[in-house]
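Colleague: I would like to go through this model step by step. Could you show it to me?

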Amino acid sequence: MSISAINIRKVRLLIVPGLHDSGPAHWQSWLQAQYRDSLRVRQRDFGDPQLDRWAARIGAVLDHAGGGQRWIAVAHSFGCLALARHLALAPESPIAAALFVAPAEPDKFGVGTLLPQRPLSVPSTLVASDSDPWMHAASTRLWAGLCQCARSSRVGRASSFVRICGRKCGTAG
């Protein structure tokens with residue numbers, strides 16, 4: 001099943017921020033504000049990137065939200081790694097699709113071996129920059145292949161999405 005085949009009206013948006021959360025001017029905060037029923041994963045400590053703890057927190061947030069709902073998860077930076085780990089550990093997760101935007105370099109955190117080495121159980125898309133300082137382009141392509149993302153979009157030398165999305169989303173420049 002592709003992401004476009006999922007009935008958007010029957011799913012909710014789950015925001016999975018990276019290190020230090022996403023402030024009010026961040027693209028994830030803008031996206032969350034567009035969907036009244038969206039939910040943000042709030043880590044106990046956004047400055048302490050413990051992959052298994054972050055992945056477990058995603059599961060806890062979904063459990064607390066109640067059963068019977070399907071979700072599209074939109075993850076950024078270290079949140080991408082946590083989401084991939086969650087999906088690998090919880091094949092019964094209510095997440096119906098995943099969008100990974102500018103993932104962090106797994107080896108910078110010593111978690112490369114904890115990430116999925118086989119296809120994810122949900123349709124996914126990866127969006128990355130060729131010049132993002134948080135993940136090398138070669139690692140992004142390798143990770144997208146390992147996860148068998150349905151789509152992988154490169155945005156050229158856009159540097160880090162943290163930097164380019166600090167402006168108001170939807171504006172040029």
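Colleague: How many helices and strands does the chain have?
Modeller: This is a predicted model. Read from the N terminus, its elements run β-α-β-α-β-α-β-β-α-β-α. The totals are five helices and six strands.

Colleague: What share of the residues is buried?
Modeller: Here a residue is buried if its relative accessible area is under 20%. The chain has 173 residues. The buried share is 49%.

Colleague: What share of the contacts joins residues at least 24 apart?
Modeller: Take the contacts in the chain between residues at least 6 apart in sequence. Among these, the share that joins residues at least 24 apart is 77%.

Colleague: Which residues does I58 contact, leaving aside its neighbours within four places in sequence?
Modeller: I58 is one of the core residues that touch the most other members. Contact here means heavy atoms within 4.5 Å. The partners of I58 are L14, V16, V41, A82, L83, H86 and I95.

Colleague: Why is β3 largely enclosed by the rest of the structure?
Modeller: Look at how many of its residues are buried. β3 has eight residues, and it is largely enclosed because the buried ones number seven.

Colleague: In which sense does β3 pair with β1 and with β4?
Modeller: Take β1 and β3 first. They pair over six bridges in the parallel sense, and I15 stands opposite V74. Between β3 and β4 there are seven bridges, with A75 opposite F100. For this pair too, the sense is parallel.

Colleague: What is the handedness of the crossover from β3 to β4?
Modeller: The chain leaves β3, passes through α3 and reaches β4. That makes a β-α-β crossover. Its hand is right-handed.

Colleague: How much of the accessible surface belongs to carbon and sulfur atoms?
Modeller: Start from the accessible surface of the chain, about 8,900 Å². The part that belongs to carbon and sulfur atoms is 53%.

Methods:
Residues numbered from 1 in each chain as written. Predicted model: local features only at pLDDT ≥ 70, side-chain atom pairs only at ≥ 80, totals over all residues. Heavy atoms only, no water. Helix = DSSP H or I, 4+ residues; strand = E, 2+ residues; numbered from the N terminus. Buried < 20%, exposed > 50% of the residue type's maximum accessible area, 1.4 Å probe, protein only. Areas by Shrake-Rupley, 256 points an atom, 1.4 Å probe, with all protein chains shown as cover. Core = buried A, V, L, I, M, F, W, Y, C linked by side-chain atoms within 4.5 Å. Pairing = 2+ DSSP bridges. Right-handed = clockwise from strand over helix to strand, strands pointing away.
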